[in-house]
Amino acid sequence: MPVLGAAIADSYWGKYKTTLVSLSISVLGMAMLTTSATLPSLRPPPCAHNGHCPPATPTQSLLFFSGIYLCGIGIGASKAVFISFAAEQFDDDASERGAGSKSKASYFSWYYAVANMGMLTAGTLLVWVQDKVSWGLGYGICASLVAAAVVSLAATAPVYRMLPPAGSPLKGVLQVLVAFSRKVKLTVPRDAGELYEGEDVKNPSLHSPARERLQHTDQFRCLDRAAIVTAEDLEDGDHRPWTLCTVTQVEELKTLLRLVPIWLTSAVYFVANTQAQTTFVQQGTKTDSRITIGAVSISIPAASLTSIQTVCAAAFVALYNRAVAPAAPFKPLQLMGLGHATAGIAVAMAACTEARRLRIAMEGESAAAAAMGIAWLLPQYVVMAVSDASLSVGQLEFFYDQAPATMRGASTAFYFLSLSLGNLINSQLVTLVASVTAAGGRTGWFPPELDDGHLDYYFLLVVAVAVVNFAVFIALVRNYTPKRVR
């Protein structure tokens, strides 16, 4: 849904309208969920004493699942769009002087911190309300908050800077490819000034205030054929975009080709990052959950460790914005590099911790050895929090700044898409490793009893993937040509 919402915003509705409509859809979905959870006639009756639970009626199921899907559509479609919409509020002239650029970088950092604290609140306080008080009240709080967001967004419309949609990014890419295919046999001129600039074209989409005019770059010069002016192009007074493209259109495609490999390294990065929500938690279930501080003993469930990571990530962002950024701000690619490096370090720490835990578990079979404490897992979560914050903030800022103007909404959707793809790759990797290591009747790395397996070996495999991915990222960054605006 973030990709679809971004496509609609960039091509047709604009970011403000897309955000407002999408959030309104989610309000409707939350209202349906609240109604389903509140009215007894719209939810199944309680289970009987013998354990029999009456199934939901078709009407009850329709209302509940319609609400769930409307929430997914509305929140999903607006998720990436409002990030880029907020970034557009910074004045471009100020960005050229440096002030707007720093404010925009700070915005991406604080967005990430606030979003993490929102998820932490939803996963703790709201869950407590739903579990201890009422599901209807919990959903009602969510519906009220989203409704308040819609009302405030609509009421403050006059104060926003709204850029019109710059046109379909897919259409522009296809035009360049079609024009290139028709002129593939032509020789690219050495002088880029001979390529078609399009200043004389009376096409609103090419001269939209939301569309940047890009300088020519030498990378992917073969695509410049799409901007070569031929005698056939001069015969007709009207510009035919499917046979002749502007330098800006060609450069937009070149920029996209440069971004895709870096985006793929971000997707592979999340193979390491997602361990904090999966294997790290499994690792925590085999430890002693008690942490003793003086005379006080606190029990921390393994699943709650992700909340600690969330708090640490928000704290890191606050520390970076207040202490580091004013003195020596990192560039977006540097932040992404820090995220790649620390992800490998976090998983390597997990491998060492798991090896120690397995050793203690083996000793415990012959002696009354105590299980390893859960506090041993805290360092790897802290380092992974730094990694997650660095890469997420860096990627959001980098892709927004470097993406073509026609893909500003899609640029932030790439972040959520890379996260999803990374989780998918990780699940497939786990399946592959489990089948290979358990072949021939062997125990394998992931047996039902974790003490009999080798989760530490899997962590080392993930470290190897992270190291190779980091090396590829460094190579791509060294050869990256930034977008240049005329």
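## A right-handed disulfide

Let's start with the sulfurs: the torsion about the S-S bond of Cys47 and Cys53 is about 105°, so this disulfide is right-handed. Keep in mind that everything here comes from a predicted model. The bond between Cys47 and Cys53 has an S to S distance of 2.0 Å. If the term is new to you, a disulfide is a covalent bond between the sulfur atoms of two cysteines.

How many disulfides does the count come to? The answer is one.

Next up, a pair of strands. Strand 1 covers residues 290-293 and strand 2 covers residues 296-299; the two run antiparallel, and four bridges join them. Look for Arg290 opposite Ser299, and for Ile293 opposite Val296.

Together, strand 1 and strand 2 make a hairpin with two residues between them. Gly294 sits in the turn, with a positive phi of about 65°.

## Helix 10 meets helix 16

Now for the helices. Helix 10 spans residues 247-273 and helix 16 spans residues 455-478; their axes come within 9 Å and cross at roughly 160°. Angles over 145 degrees count as roughly antiparallel, and helix 10 and helix 16 are therefore roughly antiparallel to each other. Their crossing is left-handed.

Which residues of helix 10 and helix 16 make the contact? From helix 10 come Pro261, Ile262, Thr265, Val268, Tyr269, Val271 and Ala272. Helix 16 brings Val462, Val465, Ala466, Asn469, Val472, Phe473 and Leu476. Sorted by class, this contact of helix 10 with helix 16 has twelve nonpolar residues, two polar ones and no charged ones.

## Helix 10 meets helix 15

Helix 10 also crosses helix 15, which runs over residues 408-437: the two axes come within 7 Å, at an angle of roughly 50°. That makes helix 10 oblique to helix 15. Is the crossing of helix 10 and helix 15 left-handed or right-handed? It's right-handed.

On the helix 10 side, the contact uses Trp263, Ser266, Ala267, Phe270 and Val271. Helix 15 answers with a list that includes Phe414, Tyr415, Leu417, Ser418, Gly422, Ile425 and Asn426. Class by class, the contact of helix 10 with helix 15 divides into eleven nonpolar, four polar and no charged residues.

One residue to look up is Val271: it is part of the contact of helix 10 with helix 16, and Val271 is also part of the contact of helix 10 with helix 15.

Conventions:
Residues are numbered from 1 along each chain as its sequence is written. This is a predicted model: local features need pLDDT of at least 70, side-chain atom pairs count only at pLDDT 80 or more; totals for chains, interfaces and linings use all residues. Side-chain values use heavy atoms; hydrogens and water are left out. Axes are lines fitted to C-alpha atoms, for helices over the stretch in contact, and angles run from 0 to 180 degrees between N-to-C directions. Angles under 35 degrees count as roughly parallel, over 145 as roughly antiparallel, 65 to 115 as roughly perpendicular and the rest as oblique. A crossing is left-handed if the near helix is turned anticlockwise from the far one by less than a right angle, and right-handed if clockwise. Contact means heavy atoms within 4.5 Å. Ala, Val, Leu, Ile, Met, Phe, Trp, Tyr, Cys and Pro count as nonpolar, Asp, Glu, Lys and Arg as charged, and the others, Gly among them, as polar. Two strands pair if DSSP finds at least two bridges between them. A disulfide is a pair of cysteine sulfur atoms within 2.5 Å.
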